[in-house]
Each structure stands twice: as C-alpha cells, then as structure tokens.
Amino acid sequence: MLQKYDDRNKNIQVFIKDRLYPREEAKVSVFDSSVQGGDAVWEGLRVYPEGIVCLEKHLTRLHESAKALHFSDIPNKKEIKAAIQKTLEANEMTDDVHIRLTLTRGEKITSGMDPRVNQSGPCLIVLAEWKPLVYDNASGITVISSSQRRNAPQFLDSKIHHNNLLNNIIAKIQANVAGKDAGLMLDERGFVAELNGSNLFMVKDGVVYTPFAHACLPGITRNTVLEMCKKEEIPIVEADLSLTQFYNADGVFATGTMGELTPVVEIDGRKIPKETTLIVRVLKLFKNSIRDYCEPL
Ligand SMILES: Cc1ncc(COP(=O)(O)O)c(C=O)c1O
C-alpha cells in the first residue's frame with residue numbers, strides 16, 4: 001500500500017517551535033538534532049470531530065520518551081495542546097486528519113552527537129495532514145517476515161518512541177521488494193514482535209493473543225484493544241508467540257493510529273482467514289467505540 005499525495009495538503013500550515021509556517025517554508029535547521037542523529041521523539045495522532053483519540057496517553061508517551069532521552073525544557077501538556085489547537089484551527093481541520101507530532105532535541109551550535117551542543121531548547125513540530133486511514137481495512141494486508149530484528153531493551157528500548165526508525169524502514173523495504181504491505185519483525189529471540197509500523201494480534205480457539213511489549217512499541221491502539229476485550233470479557237493474553245503460531249491462527253490483525261484495526265490476510269505466503277467470528281467482533285467493537293476514546297483539546 002503506497003500512500004498518495006493529497007491535494008488538500010497543498011497549502012497546510014505547520015507549527016514549528018513557536019509559530020505556524022506555510023508548507024513550503026516549514027523546515028528545520030541543518031543543525032537540528034533530528035537531521036544530525038534522528039535525535040527526536042514523536043507521536044501519531046488521529047483527529048475526529050469529538051477530539052483526538054487517546055490524547056492524554058499519547059502526550060504521556062511523548063513525555064516519557066523525551067525524559068528517557070534526557071531532553072531538557074520539555075514543553076508541558078498544556079503547551080503542546082495549545083500548539084495542536086492552533087494548527088488545527090489554522091487549517092480548519094476537524095476530521096479525517098492525522099497529526100505527526102515531533103519533539104526534537106533542537107538546534108545544535110555545531111554539528112556533533114553530544115547533547116551539550118544543543119543549547120536552544122527542543123523543537124516541537126505539529127504536522128497535521130488530511131489523511132484517511134492508510135490501509136483498506138475491508139480487504140486487509142499481506143506481510144512477510146523480515147530478517148531485520150526489532151529492538152529489545154538491551155539495544156534501544158522500543159518503549160522510547162524515537163525517530164531512529166531505520167530498523168523498521170529496512171523491514172518495510174524488504175516488504176516493498178517482495179510486493180507485500182508490511183514487514184513482520186521478530187525479537188532477538190525469534191518471537192514475533194510487531195509489524196514495521198503497527199502492533200500485531202492473533203486469534204486462536206476463541207482467545208485473542210498479542211506479543212508481550214518487550215520488543216515492540218507499547219502501542220496505544222494495542223492498549224485500547226486489550227482494555228476493550230477485557231471489558232467485553234473476551235479472553236485476551238499477552239504471550240511469547242512464534243511465527244508458526246501466527247501462520248496457523250484463526251485470524252490476525254494489526255493495530256495502530258494510522259490504520260486502526262487491519263486484518264492481516266497473508267504471512268509469508270500462508271493465507272490467514274479474515275472472517276473469523278471473533279476477529280469480526282473485535283473489529284466491530286473497536287469501530288463502534290473509537291469515538292468514545294476521543295478527547296477534546
Ligand atoms: C513501530 C510501531 N509499532 C506500533 C505503532 C502503533 O502505535 P499506536 O497504536 O500508539 O499508534 C506505531 C505507531 O507509531 C509504530 O511506529
């Protein structure tokens with residue numbers, strides 16, 4: 001699935017550091033830490049008329065990621081919300097919108113890795129674009145397993161939602177070359193971690209399973225599905241799960257803010273059923289309750 005240019009985004013305004021810029025002028029310095037070392041943290045947010053899905057949880061994860069990376073002068077939630085509001089209002093956006101919220105360590109006084117040469121505070125970027133869900137959730141996606149492993153905590157903790165995305169980008173390239181929609185990444189022990197940009201769930205014999213969040217992003221949509229299933233008394237278990245278990249699942253789906261809940265219909269050439277009763281139920285439950293998770297600014 002290749003995202004297309006959307007003409008509605010031609011003249012958008014983008015918030016950078018302390019003000020809005022038109023799209024063509026929305027740039028960061030070559031001295032910015034994100035350019036120099038991918039030294040930034042980010043969140044993807046989805047906007048509905050009722051508000052932003054799980055906004056508080058996203059802002060908490062952004063804060064925790066920035067704290068783990070020892071950023072200084074991190075903007076507080078009120079300041080970040082004000083920047084988001086300003087951006088959405090300037091673009092008259094209330095629905096069908098995805099926000100890429102980035103906090104870089106900021107501009108350096110000279111090129112280099114050392115955060116002590118970052119002396120002008122972090123840089124907040126609010127990039128709001130018109131963007132429907134990125135996958136066709138009716139037909140589902142095909143994936144291949146990647147030779148690129150997902151980071152476990154001894155390498156770079158996947159609980160930090162950082163901009164060092166090259167592992168995941170390599171997995172995505174492998175999927176592209178194979179003509180599939182996403183790369184399935186294993187952890188360093190060979191258990192399934194997640195897809196290159198979304199979390200994974202499988203259903204077997206009436207139970208929903210998802211990998212432990214040891215080597216995957218603890219996704220907020222993943223968390224919503226866990227909560228929703230518990231509330232509905234649908235058996236749900238976090239476990240170490242192998243590829244073989246996924247190949248033989250009664251159904252598999254991916255979760256993420258960009259695509260919400262997406263059936264996975266093929267893994268490494270093995271067909272996965274899509275219409276399993278429990279998968280259909282979980283997908284419907286999510287669709288019917290997503291707006292209850294929206295928080296106004
Ligand atoms: C690697 C990865 N996994 C999973 C997700 C899904 O997370 P969320 O549900 O919080 O959007 C993302 C989203 O950014 C991601 O980058």
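Guide: Where the domains meet, 20 residues of domain 1 are in contact with 11 residues of domain 2; two residues are in contact if their C-beta atoms, placed from the backbone, lie within 7 Å. This is a predicted model, in which local features need pLDDT of at least 70 and side-chain atom pairs count only at pLDDT 80 or more, while totals for chains, interfaces and linings use all residues. Residues are numbered from 1 along each chain as its sequence is written.

Domain 1 covers 10-130 and domain 2 covers 141-291, with bounds that come from an automatic or database domain assignment. Their C-alpha centres lie 26 Å apart.

On the side of domain 1 that touches domain 2, strand S3 (40-48) and helix H2 (55-68) each supply at least two residues. Helices (H or I, at least four residues) and strands (E, at least two) are DSSP runs, numbered from the N terminus. S3 gives the most to this side of domain 1, with eight residues.

By class, the side of domain 1 that touches domain 2 has nine nonpolar, six polar and five charged residues. Here Ala, Val, Leu, Ile, Met, Phe, Trp, Tyr, Cys and Pro count as nonpolar, Asp, Glu, Lys and Arg as charged, and the others, Gly among them, as polar.

The contact cut-off also applies to single residues. Leaving out residues up to four places away in sequence, Met-202 touches Tyr-209, Leu-241, Gln-245, Phe-246, Ala-249, Gly-251 and Val-252.
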